[in-house]
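Trainee: I have this one open and have never looked at it before. Can you walk me through it?

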Amino acid sequence: MSIPALTAYRRITVKIGSALLVDRNKGLREAWLEALVEDIARLAASGTDVLVVSSGAIALGRTVLGLERRRLPLEEAQAAASVGQIALSSAWAKEFGRQGLVSGQVLVTLGDTEERRRYLNARATISTLLKMKAVPIINENDTVATSEIRYGDNDRLAARVATMMGSDLLILLSDIDGLYTAPPARDAGATFIPVVDAITPEIEAMAGDAASELSRGGMRTKLDAGKIATAAGTAMVIASGHTMHPLRAIEEGGRATLFKPSGTPVRAYKTWIAGQLEPAGAIGVDQGALHALAAGKSLLPAGVKSVSGRFSRGDTVAILGPDGREAGRGLVAYDAEDARKIAGLKTSAIADVLGYEARAAMVHRDDLVLAVPVRRGETVKAEE
């Protein structure tokens, strides 16, 4: 099975390994970065959203600081990241600028994708960058992350970002060109696996460890990333980055392993919204708003008729139809007090009432799960 043309995907998250971006002795691999950015610019021109999860801040910082080849203690790694993040973000901005594109740096920690309020903030920022046709460059915030809370590698971070942002495809560019039955550097008889239908215990047993001190990842963490991504309906590709124009090489048939998405994807955060949390409050909507939600729209304040309960931004609220029955649940974008103030108002009036620029949606469509389908002319009746 060949990998489809990358332009066929609506949104792609690309993860870049440290060893690809940084030479131990010379620092940043500028020519390689330029070629990669050309690939991304081509995809962007075709209409595909591209997000980049970029390793390399610590690796680049340690070369700038002249730190020897060894595993760094946490405080030295954080210092190296502080130096490296400036140089790395500057390099990305320079290369995208040559292609007429803008890039934006987003630094995250584990809590930013695990805690509801911070998750909403992180996703809103990245979504806005994409709407503005800027390329988000995302990295773990190594300057403040501690050994207890950090992801430990950017493979899993990339998978979290890909699922959070609804990417169709996650590409892990690495120092290996795919999955083998055993680590090929240790076993000359290892066989390449072009397609993985599902990540089984047998597949996991084939994983090895990280290849160098520049990288915290390895095939094991790539398979962990694959489990996160494919379970949420995101396909994943592992491919070598040791070539100029690595994304183009994938499309031209270069060796890579495709991990198929689950046939019954579970959007973890939507399952969490729908069934695992008791709503902290309720928002009553009119029939027009209900039909808009059924059509895939977000819930705007104009369609809100009532607000009840004490909740904070990011809490789960029940969406009630005109008959008072629960039509769905979602993560609310406002505290209860502010939600009451703007209920029934047009979007243009929100800032005047609240005194600050706020989000247009009361509940964004990506944070909404309807209990039952709604067709025009019908009244929603969710199950008791």
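This is a predicted model: local features need pLDDT of at least 70, side-chain atom pairs count only at pLDDT 80 or more; totals for chains, interfaces and linings use all residues.

Trainee: What is the strand order in the open sheet of eight strands?

Mentor: The order is S5-S6-S4-S1-S7-S11-S12-S10, and the pairing is mixed. Strands (E, at least two residues) and helices (H or I, at least four) are DSSP runs, numbered from the N terminus. Two strands pair if DSSP finds at least two bridges between them.

Trainee: Which are the edge strands there?

Mentor: Strand S5 (102-108) and strand S10 (195-196), each of which pairs on one side only.

Trainee: And in which sense do S1 and S4 pair?

Mentor: Strand S1 (residues 11-16) runs parallel to strand S4 (residues 49-54), with six bridges. Valine 14 has valine 52 in S4 as its bridge partner.

Trainee: Which strands does helix H7 touch?

Mentor: Helix H7 (residues 154-164) packs on the sheet and touches S1, S4, S5, strand S6 (134-140) and strand S7 (169-174). A contact here means heavy atoms within 4.5 Å.

Trainee: How many residues of H7 are buried?

Mentor: Nine of its 11 residues are buried, meaning under 20% relative accessible area with a 1.4 Å probe, protein chains only. Among them are Leu157, Val161 and Met164. After H7 comes glycine 166, with a positive phi near 70°.

Trainee: At what angle do H7 and H9 pack?

Mentor: H7 and helix H9 (residues 219-231) pack at about 10°, with axes 8 Å apart. Axes are lines fitted to C-alpha atoms, for helices over the stretch in contact, and angles run from 0 to 180 degrees between N-to-C directions. The two helices are therefore roughly parallel, a label for angles under 35 degrees.

Trainee: Which residues of H7 meet H9?

Mentor: Asp155, Arg156, Ala159, Arg160 and Thr163 in H7 do, and their counterparts in H9 include Ile228 and Ala229.

Trainee: Other topic: what is the order in the open sheet of five strands?

Mentor: That order is S14-S13-S15-S16-S17, with mixed pairing. Strand S14 (304-309) and strand S17 (363-370) stand at the edges with a single partner strand each, so one side of each has no neighbour in the sheet.

Trainee: How many bridges join S13 to S15?

Mentor: Four bridges join strand S13 (residues 281-285) to strand S15 (residues 316-320), and the two run parallel. Opposite glycine 281 stands valine 317 in S15.

Note on methods
Residues are numbered from 1 along each chain as its sequence is written. Side-chain values use heavy atoms; hydrogens and water are left out. Buried means under 20% relative accessible area, exposed over 50%, partly exposed in between (1.4 Å probe, protein chains only). Angles under 35 degrees count as roughly parallel, over 145 as roughly antiparallel, 65 to 115 as roughly perpendicular and the rest as oblique.
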